Amino acid sequence: MTGDRIELRGLRLSARCGVLPEERERDQPLEIDIDLEGDLSVAGRSDALVDTADYGAICDLVARVCAESAPQLLEHLAETIAAALVASDAVSSAPVTAVQVAVRKLRPPVPQQLATSGVRITRTVDRPRGGE
């Protein structure tokens with residue numbers, strides 16, 4: 001592992017996610033961070049989009065997943081986003097070995113003053129080796 005990472009920070013979307021009745025009735029603001037781990041040296045040398053992940057396509061995919069799902073748990077939303085990223089062309093053509101997804105509610109429904117509530121998950125990307 002090289003320690004290389006693509007970081008997409010602060011994607012803000014409105015989506016339905018939550019257990020409480022008011023969370024089931026209307027969208028709420030979410031903030032999402034995506035990290036893609038892998039060897040970025042080829043893209044660093046080539047300066048070609050084909051050798052890395054397409055940030056715009058990734059943001060579009062995450063927005064689509066959030067719009068089409070209405071999970072109760074942030075954990076489920078993060079898992080759904082990670083699975084979609086791993087399966088997507090925007091990531092599959094890149095040298096990505098792991099995907100990390102963080103999802104935060106910007107207005108958590110608690111009586112205390114809590115700035116955000118969220119989850120962060122990491123999933124490994126399994127790729128066939130040597131033309132398998």
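Me: Gln100 touches Arg5, Asp33, Ile34, Asp35, Arg120, Ile121 and Thr122, leaving out residues up to four places away in sequence. What makes each of these a contact of Gln100?

Reply: The model is predicted. Contact means heavy atoms within 4.5 Å, so the residues listed for Gln100 are those that meet this limit.

Me: Why is Gln100 called buried?

Reply: The cut-off for buried is under 20% relative accessible area. Gln100 has 14% relative accessibility, so Gln100 counts as buried. Gln100 belongs to strand β3, residues 96-105.

Me: What makes the pairing of the Gln100 and Arg120 side chains a polar contact?

Reply: A polar contact needs N or O atoms within 3.5 Å, one able to donate a hydrogen and the other to accept it. The side chains of Gln100 and Arg120 make such a contact at 3.1 Å. The side chain of Gln100 also makes a polar contact with that of Thr122, at 2.9 Å. Both distances are within 3.5 Å, so both pairs qualify.

Me: How do you know that Ile32 is buried?

Reply: Ile32 has 1% relative accessibility. The limit is under 20%, so Ile32 counts as buried. Ile32 is part of strand β2, residues 28-38.

Me: Which residues does Ile32 contact beyond four places in sequence?

Reply: Among them are Leu8, Leu11, Val62, Cys66, Ile81, Val101 and Val103. Separately, the C-alpha atoms of Ile32 and Arg104 are 6.4 Å apart, while the two residues are 72 apart in sequence.

Terms used:
Residues numbered from 1 in each chain as written. Predicted model: local features only at pLDDT ≥ 70, side-chain atom pairs only at ≥ 80, totals over all residues. Heavy atoms only, no water. Helix = DSSP H or I, 4+ residues; strand = E, 2+ residues; numbered from the N terminus. Buried < 20%, exposed > 50% of the residue type's maximum accessible area, 1.4 Å probe, protein only.
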